[in-house]
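Below is a short briefing on one protein chain.

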Amino acid sequence: MSSAQFVRPARSADVDTVVDLQVASWRAVYGELLPAEVAEGLGGGEAREQFRERWSAALESPPTSRHRLVVATDEVGGVRTVVGFAAFGPAGDPDLWPATDGEVFALHVDPERVREGHGSRLLNACVDHLVEGGFRTVHVWAPEEENALRSFFEASGWRADGARREIDMGRLLPMVRLHASVSE
């Protein structure tokens, strides 16, 4: 592991890389769970522009002062490179209390850089910020079917809390909500 790996707040200059990482990660994590045309369309111009607008807005005018976007960086060929990102803040589900329930909205690592500690560093940064902000429990939505994202969170001690939903991604994709207590 490189000693040059760290997590920092995202910057406007990071947005295009965040979009690239999101597309690559979604294809790796959700690819087999989605219709082929949907998985392929994730990297299309329209989808990429929507992602770019979303992440630019997250940086320029976050929904609250408690929302954050952070990136994991590493030295790649002697160049400081963004290799993953996470977005987090107050939970948005109606059955949760946004004053004490946090949510990881996104956590993605370059599929070619997984198992190098970037996901763990991002998750730890999310939890550290949320604990500092007074949150007691953190939640994340993950596909119900076996996948790398769900396995990562479960290996980190997160467990399903019984909430389920389906999102329409060209076909219904069942999701489960995982949670972890972060209060001291």
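A residue counts as buried here if its relative accessible area is under 20%, and as exposed if that area is over 50%. By this definition, the buried residues of helix H5 are Leu 149, Arg 150 and Phe 153. The model is predicted, and the points below go through it by topic.

**The sheet**

- Strands of a sheet pair through backbone hydrogen bonds, either parallel or antiparallel.
- Seven strands form an open sheet in the order S1-S2-S3-S4-S5-S7-S6, and their pairing is mixed.
- Strand S1 (6-9) and strand S6 (159-168) are the edge strands, and each pairs on one side only.
- On average, neighbouring strands of this sheet are turned by 30° against each other, direction ignored.
- Seven bridges join S6 to strand S7 (residues 172-181), and this pair is antiparallel.
- Within this pair, Ala 160 stands opposite Leu 178 in S7.

**Helices on the sheet**

- Helix H1 (residues 15-30) packs on the sheet and touches strand S2 (68-76), strand S3 (79-90), strand S4 (101-109), strand S5 (137-143) and S7.
- The direction of H1 makes about 75° with that of S3.
- Helix H5 (residues 148-155) also packs on the sheet, where it touches S4, S5, S6 and S7.
- The direction of H5 makes about 150° with that of S5.

**A closer look at H5**

- An α-helix has 3.6 residues a turn, so residues three or four places apart point the same way.
- The buried residues of H5 are Leu 149, Arg 150 and Phe 153.
- Seen down the axis of H5, these buried residues fall within an arc of 95°, so they line one face of the helix.
- Ala 148 and Ala 155, on the other side of H5, are exposed.
- The cover over the buried residues of H5 includes H1, S4, helix H4 (118-132), S5 and S7.
- At the start of H5, a side-chain oxygen of Asn 147 comes to within 3.0 Å of the backbone nitrogen of Leu 149.
- Just after H5, Gly 157 has a positive phi of about 100°.

**The nonpolar core**

- In soluble globular proteins, nonpolar side chains tend to be buried together.
- The largest nonpolar core has 50 residues, of which Tyr 30, Phe 51, Trp 55, Phe 85, Val 104, Phe 153 and Trp 158 touch the most other members.
- H1 gives the most to this core, with eight residues.
- Leaving aside residues up to four places away in sequence, Phe 51 touches Val 19, Gln 22, Val 23, Trp 26 and Leu 42.

Technical notes:
Residues are numbered from 1 along each chain as its sequence is written. This is a predicted model: local features need pLDDT of at least 70, side-chain atom pairs count only at pLDDT 80 or more; totals for chains, interfaces and linings use all residues. Side-chain values use heavy atoms; hydrogens and water are left out. Two strands pair if DSSP finds at least two bridges between them. Helices (H or I, at least four residues) and strands (E, at least two) are DSSP runs, numbered from the N terminus. Axes are lines fitted to C-alpha atoms, for helices over the stretch in contact, and angles run from 0 to 180 degrees between N-to-C directions. Contact means heavy atoms within 4.5 Å. A nonpolar core is a set of buried Ala, Val, Leu, Ile, Met, Phe, Trp, Tyr and Cys residues joined through side-chain atoms within 4.5 Å. Buried means under 20% relative accessible area, exposed over 50%, partly exposed in between (1.4 Å probe, protein chains only). The arc is that of the directions from the helix axis to the C-beta atoms. A polar contact is a pair of N or O atoms within 3.5 Å; within protein, one must be able to donate a hydrogen and the other to accept it, and residues adjacent in sequence count only if both atoms are side-chain atoms.
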